[in-house]
Amino acid sequence: MEAPEEYQGEPRRTFLAAIGALATGAAAALVPVAAGVAALVDPLRKRGPETSMVLVTKLSAIPDDGTPKKFTVRQDRVDAWSTEADAPVGAVYLRRADDGVAALNVVCPHAGCFVGLADDRAGFACPCHRSSFDLDGAVDDPASPSPRDMDALEVEVRNDDEVWVRFQNFLPGRHDKTAV
Ligand code: FES
């Protein structure tokens, strides 16, 4: 780069110093901008399938006879920029099982409709495309379009009467169970 005439010779050093100062200033200005952008985007990067156990109901609220019952799951909902306390985030079927309590996500693994209790048998039926599941959530009709069984969730009974579930959603339309 050719320095302007007034910066030839001794003044040329002044010109180069001015260019250097300009470049340093620009770099210094970019650091906080980059940090701001990173902070803005950071919550998005942090969102992932991390979950924690959430208290859903009392054990005494689940029928003794093994009939599944649907419960809303409430949790503090945290998105990229805000938090909503105790918001409904989904629902589960809870059922007393031989080894305690079983939990199934109500969302159909086919395309995401809410699975209901079957009218004509002990099991679940999806109203959208007729996927059919048994009480354990296993596909029980080969004509079912669901690519996998209903999504079972980890459940724990704590303090004798508290039913805690690790609530999670999974991608529909896939054979494998991929958390979202
Ligand atoms: S969404 Fe349930 S069968 Fe299609």
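These are my notebook entries on a predicted model of one protein.

**Overall layout**

I started with the elements and found 1 helix and 10 strands. Reading from the N terminus, I wrote the order down as α-β-β-β-β-β-β-β-β-β-β. Next I looked up burial: 28% of the 180 residues are buried. The accessible surface comes to about 11,200 Å², and carbon and sulfur atoms hold 56% of it. Among contacts with a separation of 6 or more, 45% join residues 24 or more positions apart.

**The cysteines**

How many disulfides does a search of the whole structure find? I noted 1. Cys113 and Cys128 form it, with their sulfur atoms 1.9 Å apart. Where do the two partners lie? Cys113 is in the loop between strand S4 (100-105) and strand S5 (116-117), while Cys128 is in the loop between strand S6 (124-125) and S7. The pair therefore ties together parts that are 15 residues apart in sequence. I then looked at the handedness: the torsion about the S-S bond is about -95°, so this disulfide is left-handed.

Cys128 has a relative accessibility of 38%, so I put it down as partly exposed. Cys108 is buried, because its value is 2% and the cut-off for buried is under 20%. Cys126, at 6%, is buried as well.

**The nonpolar cores**

Which residues of the largest nonpolar core touch the most other members? This core has 15 residues, and my list reads Val56, Ile62, Val92, Leu94, Leu153 and Val165. At least two core residues come from each of strand S1 (53-58), strand S2 (69-78), strand S3 (83-97), S4 and strand S10 (162-166). There is also a second, separate core of 11 residues, including Cys113, Val115, Phe124 and Cys126.

I went back to Leu153 for its contacts, leaving aside neighbours within four places in sequence. Among them are Val92 and Val165, both of which I had already listed for the largest core.

**A look at Ser144**

My last entry is on Ser144, in the loop between strand S7 (132-133) and strand S8 (152-153). Is Ser144 buried or exposed? Its relative accessible area is 9%, so Ser144 is buried. Not counting residues up to four places away in sequence, Ser144 touches Arg130, Ser131, Ser132 and Val139.

Definitions and conventions:
Residues numbered from 1 in each chain as written. Predicted model: local features only at pLDDT ≥ 70, side-chain atom pairs only at ≥ 80, totals over all residues. Heavy atoms only, no water. Helix = DSSP H or I, 4+ residues; strand = E, 2+ residues; numbered from the N terminus. Buried < 20%, exposed > 50% of the residue type's maximum accessible area, 1.4 Å probe, protein only. Contact = heavy atoms within 4.5 Å. Areas by Shrake-Rupley, 256 points an atom, 1.4 Å probe, with all protein chains shown as cover. Disulfide = S-S within 2.5 Å. Core = buried A, V, L, I, M, F, W, Y, C linked by side-chain atoms within 4.5 Å.
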